[in-house]
Amino acid sequence: MTGTKKTGSRRLTMLVLLAFAVVFLGAVVWLGEIWQEEALVTDFTRKNLAPCQTHPFGTDWMGRDMFVRTVTGLSMSIRIGLLTACISAGIAFLMGLAAAVMGRLADGIIGMLIDLVLGIPHMLLLILISFACGRGFFGVVAGVSLTHWASLARLLRGEVLQLKESQYVKIAERLGKGRFYVAFWHMAPNLLPQFVTGLILLFPHAILHEASITFLGFGLSPEQPAVGNILSESMRYLVTGKWWLALFPGLLLVAAVLLFHYIGQTACRLIDPGSAHE
Amino acid sequence: MKQERQNRLRHGGIWFGGQILRAAALIVLVSVLAFFLVSVSPIDPLQTNVGQAALGAMSREQIEKLEAYWGVDTPPTERYLSWAFDFLRGDMGVSLLYRRPVAEILAEKLGNSVWLLLSAWVCSGLFGFFLGMLAGHRRGGSADRFVTGLSLVVASTPSFWIAMVLLLTFAVQLKWFPIGLGVPIGAASEAVSLADRLYHAALPAASLSIAGISSIALHTREKMIEVMESEYILFARARGESEVCLILRHGFRNILLPAVTLQFASVSEIIGGSVLVEQVFSYPGLGQAAVTAGLGGDVPLLLGITVLTAAVVFSGNLAANLLYHVIDPRIRKGGTE
């Protein structure tokens, strides 16, 4: 009796925390949308203020409120992260499926592509792709989406190779079903759990890499509010002791990424029936 | 017996040769891909490096000369082929920004970066391994929760921000370490001692090491949990072996190999992280050169760096495969069949 009660309450706590995380991230995205104008307001009477009650994150050298700027920037990062994670998971899904269905040659080519993408250091490939797309918003989206699919594709490909040996797929083939029919009706549903888990776990990576590439100057242009831009600007003021410019935006970024991690893990655990009694 | 041994050696040789060929083919592909990406870029090298104002003041001939220098008017395939043939002959071209041979710049930057990368690689491996063993020894215990939490936080933190926080604390506030650069400002290059270099590399290396521990710690933890739940541990416990003895004799040996392999395969992560960390500390290494080359459209240098780092990453992966192949008989059998 007590066992089930405990499991139930743990599930409830997990759900409550999950709801909190979703609401928090949603609020950041929503506030960022509203505060777009406010983030650009400069006021030289309040420049370089250390964190206080009216400005919890302080203000910068142009008197912009850092809290508002950080939230807008983070909102941008989260939206780009969601977009790019979905694109790259989509690529991974198609690649994984195609590798298994379209014959040996396609499989070899896709295997080579995966090795190629994983072989160039991540940051360097991001720099190259973003450079190829002329930087800016498009450069970031292309760069992050085209560099994150490889490990998930490898995973899905392995899964498909196993499925290919399963009885029902072989029977379907004997019954004269086409390759694509088998791929989409018999294999894709089995890949879905792996796919969803992979997709959710891609979010934090995508957000982090968007921030990193923007920080280096290959991403969003400097006038756009983005956490990467805020942090790279703050680099110039670190030495003069304006620690709040770097500390709080970074902390909020870490918090957002951690919450995404948490949402991902919890959602996977709630979906997975195997761990229902843990 | 002898026959079998020879057979195995021959198979191993064929396998190794295949791996080398594969790595070489991948490096060629990397160079093609990198070149393709650089040449489709709409970013005009003249605009970025000379500037609109200066271009407007120049005569037609001057602009044409500059265009020829930056290779604007030559078709990409021709440029790639000439670059590739020169590369095969050992000539990596001349950097457009630095106006020095790429090989020379790479040697210099790699010389600065190699200690940074190596120390971060070793430190993150050792610490991560130790933490993972500690965590996996007792699943769900306080050490486990601490290490798992720490790894999660580190994995969620961009490495450049770790570097910035270290810079703020230890260089700006406490003034224990220099704020940036690889050597003291204003010192002649002969006067710079090894101690100076180490002193300047300490904070960047620490940031990189911290950023690298999470995956190895989590991986080692998983393996350790697996080992601790095994029957041979149960049997060893029943024989009355002490916990320390259990860990050292049975745990350590079984999880060492996967951990070393993972560390070899994670070379790519550390190089990627070094790009960011070197930027924060203005450390004159390979990563910073990559950023400069990328922002300035310096194609030969960017290509040189990409090919070099890809070669390092592939050697890391090859070492990982080789380790498994040589030490683990199950994989060897599977590989040659």
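C123(B) is partly exposed, with a relative accessible area of 31%. This value comes from a predicted model. C133(A) is partly exposed as well, at 23% relative accessible area.

Now turn to where the chains meet. The size of an interface is often given as the accessible area lost when the parts come together. Between chain B and chain A, the buried area is about 4,000 Å². Carbon and sulfur atoms give 81% of that area. Chain B brings 48 residues to the contact, and chain A brings 42.

How many salt bridges cross the interface of chain B and chain A? The rule finds 1. It joins the side chains of D115(A) and R22(B), with 2.1 Å from N to O.

Which elements of chain B touch chain A? Those giving two or more residues are α1 (2-40), α7 (142-155), α8 (159-173), α12 (267-281), α13 (286-296) and α14 (299-327). The largest share comes from α1(B), with 10 residues. By class, this side of chain B has 35 nonpolar residues, 12 polar residues and 1 charged residue.

Notes
Residues numbered from 1 in each chain as written. Chains lettered and ligands numbered in written order. Predicted model: local features only at pLDDT ≥ 70, side-chain atom pairs only at ≥ 80, totals over all residues. Heavy atoms only, no water. Contact = heavy atoms within 4.5 Å. Buried area = accessible area lost by both parts, 1.4 Å probe. Salt bridge = Lys/Arg side-chain N within 4 Å of Asp/Glu carboxyl O. Helix = DSSP H or I, 4+ residues; strand = E, 2+ residues; numbered from the N terminus. Nonpolar A, V, L, I, M, F, W, Y, C, P; charged D, E, K, R; others polar. Buried < 20%, exposed > 50% of the residue type's maximum accessible area, 1.4 Å probe, protein only.
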